[in-house]
Amino acid sequence: MAFSFFGGVHPKENKFYTCDKQTEVFPEPDVIVIPMSQNIGAPCMPLVKKGDPVTVGQKIGDNQGLCAPIHSSVSGTVKAVEMRPHNTGTNVMSVVIQNDHLDTLCETVKPRTQEEVDALSPMELVDIIHEGGLVGMGGATFPTHVKLSGGIGKVDTVIINAGECEPYITADDRLCREHPDEVISGLKVIMKIFGLKEGHIGIEDNKPEAIKILKSNLINGDGISVDALPAKYPQGAEKQLIYAITGREVPSGGLPAAVGCAVFNAATAKAIHDVVYKGMPLISRIVTVSGDIVMEPKNLLVPIGTSFDDLLGAVGHSENPYKVLSGGPMMGVAQYDLSVTTTKGVNAVTILGHKNRYAVEDVRCLRCGKCIDACPMHLMPVLMYKALQDGDVDGLKASNMMDCIECGCCAYTCPASVPLVHGFRVGKQLIRSAAQPAKK
Amino acid sequence: MAKMKYFYELTISSSPHMHSPVTTQTIMRDVLIALLPAWIASIYFFGPRAFTVAVVSMAACVFFEWLWCRLMKQHCKVYDLSACVTGLLLAFVCPVTIPYWTIILGDLFAIILVKMLFGGLGCNIVNPALAGRAFMFSWPVLMSTWVKVGFQNAAGVLSTADIVTSATPLANMHQGAMPDVSIGQMFLGNVGGCLGETSALLLLVGFAYLLYRKVLTARIPVAYIGTVAVLAFLFPLGNDRIAWMAAQLFGGGLMLGALFMATDYVTSPVTKLGQIIYGVGCGVITILIRYFGGYNEGVSYAILIMNCCVVLLDRIGRPVKFGAPKKEAEKK
């Protein structure tokens, strides 16, 4: 505690739009499109074909390796298995389901009592979480079972990330206020798997209500602490959060387990509770649909596979959108096609108006150094961008570009609006493609 | 493709999709606002010609930048106000009696040769205003005719024939003597000197505004002024260390140089450590020139020299990345 990570910025939070709005259950759409690529790593292979009946919670995609299975979020009939646009900007194989609105539950969905859960071994719990299709729900979508099984024996500190530092997003805030028990219960399952007595919940101090509710739900002696951290973007970034809570620096290029830490998003913790106690795989999540031109911003409990189109229709907007983002404005992905659907990692859909436009033509770096003061990874964005303009791969590597977490602090703060993060994505690609022939 | 209910022209771009309200233009505007108190004081001390010289200089800078972009068919960005800042700063480092043609030539040199030929804003190696001043020393007499404060009247706008000259505090100190004006006078600016450099107080007020607006940090000025103060205190010429130090700090162009010239974004280091070394270097060279040089004011050349070292300083000052291996961290 009491460590403050270096750098960071304070963008307008804009959380007031939705932070006091009770989560509403979004009416199930008639058609659901579930992309078969919802985690970092290998995409799933579809297990169903056109015409197959499906039920709620039925496994419809799976694969070997670094992959979490995918389940149907509604019951009905498979209309098609085809390529569809995905919210990351590519086309991926997707299962299109016609909803019959009967909500027939799959027979594999069976609740467990506390005694049954207590009797489970850590590896059995990991298997249940694997089967539940859990991935990191903060956006990185790393398969949870891999993080769990890889961390057993190495991890001595587990942290629930309820930081939620992105502007506009209030999904985790609402989750902590409305389901504190489930979040804490999920954390206890993780602690049991790792064999730990202590757990942390890291949360920004701009959510006093959530902090109060979480604290009031703690039981003395359960070893869980709620750590209120100063509100600063990117407080919810994994490495920064670990540093803020433990003072440990995740080594460059390494995973949190290297310093004995494991971080799970608050929504992931709740999903762990759901799959362990209710037997319900990850088929829905809270999504904040907000933005400066939105008429009725909302927190919605949305089935995975709901189109952005439907979500836009549910909130309304006062002018034609300038950008529609999957995620928040600092790291979200701008969409070109609103038929894309929500996936496990989408915690928000942000709709921005034209006043968010800023000039990016003919930009001139002033060498003001504000990007260096803002970089939470202690990098030098100004020189990284210079290296990119020089186009020399060795120079790019020497500028530590691969350590960039693409949080956007530098580009946010740049007075000349130099497209820094965009440049670094290009640069990383250059480094990766230069490395490939050497491997072969 | 799938059917969509709504059709919009959506913009796609790389994140972030939000931007801080600070832009190049607002920064330059803040710098101009910060220079305003000292400018108003110069009009009070030196008469209306202080106003006209600065306006002519700013107009010339804007014109030359516009002309260059026009001739080179480049996108003209004079609205970023950086040319105005250069023009005002160049006027600040000239005596009020400077003929208009001289300062216009200085502007030409600063904008075309120093700034635009190197690629425009952000690409120049040395500070344009100071380089312009160095160029204008081709007319040394014009550049070192100091008027007595309070003498100039409205007629001075057009003619500088009947001025009464006076020595600057630094000229006295260069001979090893204490200046004939009080420290208080120097601090307020009631002394001979360049147009904008005389009032330390109002320059500090302007700088405080820039600190408040977070346009600048205090690293470079503190390192620079601190170094000069320490060296002057350790090696005084005369009996009164404190008075000598104060005269070194407030008697010449140090305040203007340290607060507004050395801190120029483009020509100063971007790293923290680099900025501190840069400030210390400026301070040492300033004192060396003032003590041993043939010319009594060392600030502008000190900054120009240190400008040329910026690339090296940034290499030295490179921060240790987050999560760097311990060995590498210790090596730094």
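Figure 1. Strand S7 of chain A, residues 76-85, is joined to S8(A) by 9 bridges, and the two run antiparallel. The hairpin that S7(A) and S8(A) form has 5 residues between the strands. Within this hairpin, Gly89(A) adopts a positive phi near 100 degrees.

**Figure 2. The covered strand S2 of chain A.** Strand S2(A) spans residues 31-35 and is mostly covered, with 5 of its 5 residues buried. Ile32(A) has Ile97(A) as its bridge partner in S8(A).

**Figure 3. A three-stranded open sheet in chain A.** The strands of this open sheet of 3 strands follow the order S3-S5-S6 in chain A, and their pairing is antiparallel. Strand S3 (45-46) and strand S6 (70-71) of chain A stand at the edges and have a single partner strand each, so one side of each is left without a neighbour in the sheet. S3(A) pairs with strand S5 of chain A, residues 59-62, over 2 bridges in the antiparallel sense. The bridge partner of Met45(A) in S5(A) is Asp62(A). Strands of a sheet pair through backbone hydrogen bonds, in either a parallel or an antiparallel manner.

**Figure 4. Helix H2 of chain A and its surroundings.** Helix H2(A) comprises residues 122-131, in which Leu125(A), Ile128(A), Ile129(A) and His130(A) are buried. The elements of chain A that cover these buried residues include helix H3 (144-151), helix H5 (180-194) and helix H8 (266-278). After H2(A) comes Gly133(A), whose phi is positive, near 70 degrees.

Figure 5. Helix H6(A), residues 208-216, has Ala210(A), Ile211(A) and Leu214(A) as its buried residues. Viewed down the axis of H6(A), these buried residues fall within an arc of 100 degrees and so line one face of the helix. An α-helix has 3.6 residues a turn, so residues three or four places apart point the same way. On the face turned away from the buried side of H6(A) are the exposed residues Pro208(A) and Ser216(A). The cover over the buried residues of H6(A) includes strand S9 (157-162), helix H4 (171-178), H5, strand S10 (199-204) and strand S11 (224-229) of chain A.

**Figure 6. The two domains of chain A.** Chain A is divided into domain 1, residues 109-278, and domain 2, residues 370-439. Their C-alpha centres lie 30 Å apart. Contact between them involves 5 residues of domain 1 of chain A and 5 residues of domain 2 of chain A. On the side of domain 1 of chain A that touches domain 2 of chain A, 3 residues are nonpolar, 2 are polar and none is charged.

**Figure 7. The interface between chain A and chain B.** In the predicted complex, 37 residues of chain B are in contact with 57 residues of chain A. The side of chain B that touches chain A consists of 20 nonpolar, 14 polar and 3 charged residues. The predictor assigns the complex an ipTM of 0.87 and a pTM of 0.89. For chain B, the mean pLDDT is 88, and 91% of its residues reach 70 or more.

**Figure 8. Tyr8(B) and its contacts with chain A.** Tyr8(B) is located in the segment before helix H1 (24-46) of chain B. When residues up to four places away in sequence are not counted, Tyr8(B) touches Asn320(A) and Pro321(A). Tyr8(B) counts as partly exposed because it has 17 C-beta neighbours inside 10 Å, whereas a buried residue would have 20 or more. Tyr8(B) and Asn239(B) are 231 residues apart along the chain, and their C-alpha atoms are separated by 78 Å.

Key:
Residues numbered from 1 in each chain as written. Chains lettered and ligands numbered in written order. Predicted model: local features only at pLDDT ≥ 70, side-chain atom pairs only at ≥ 80, totals over all residues. Contact = placed C-beta atoms within 7 Å. Nonpolar A, V, L, I, M, F, W, Y, C, P; charged D, E, K, R; others polar. Buried ≥ 20, exposed ≤ 12 C-beta atoms within 10 Å, placed from the backbone. Helix = DSSP H or I, 4+ residues; strand = E, 2+ residues; numbered from the N terminus. Arc of directions from axis to C-beta. Pairing = 2+ DSSP bridges. Domains from an automatic or database assignment. pLDDT = per-residue confidence, 0-100.
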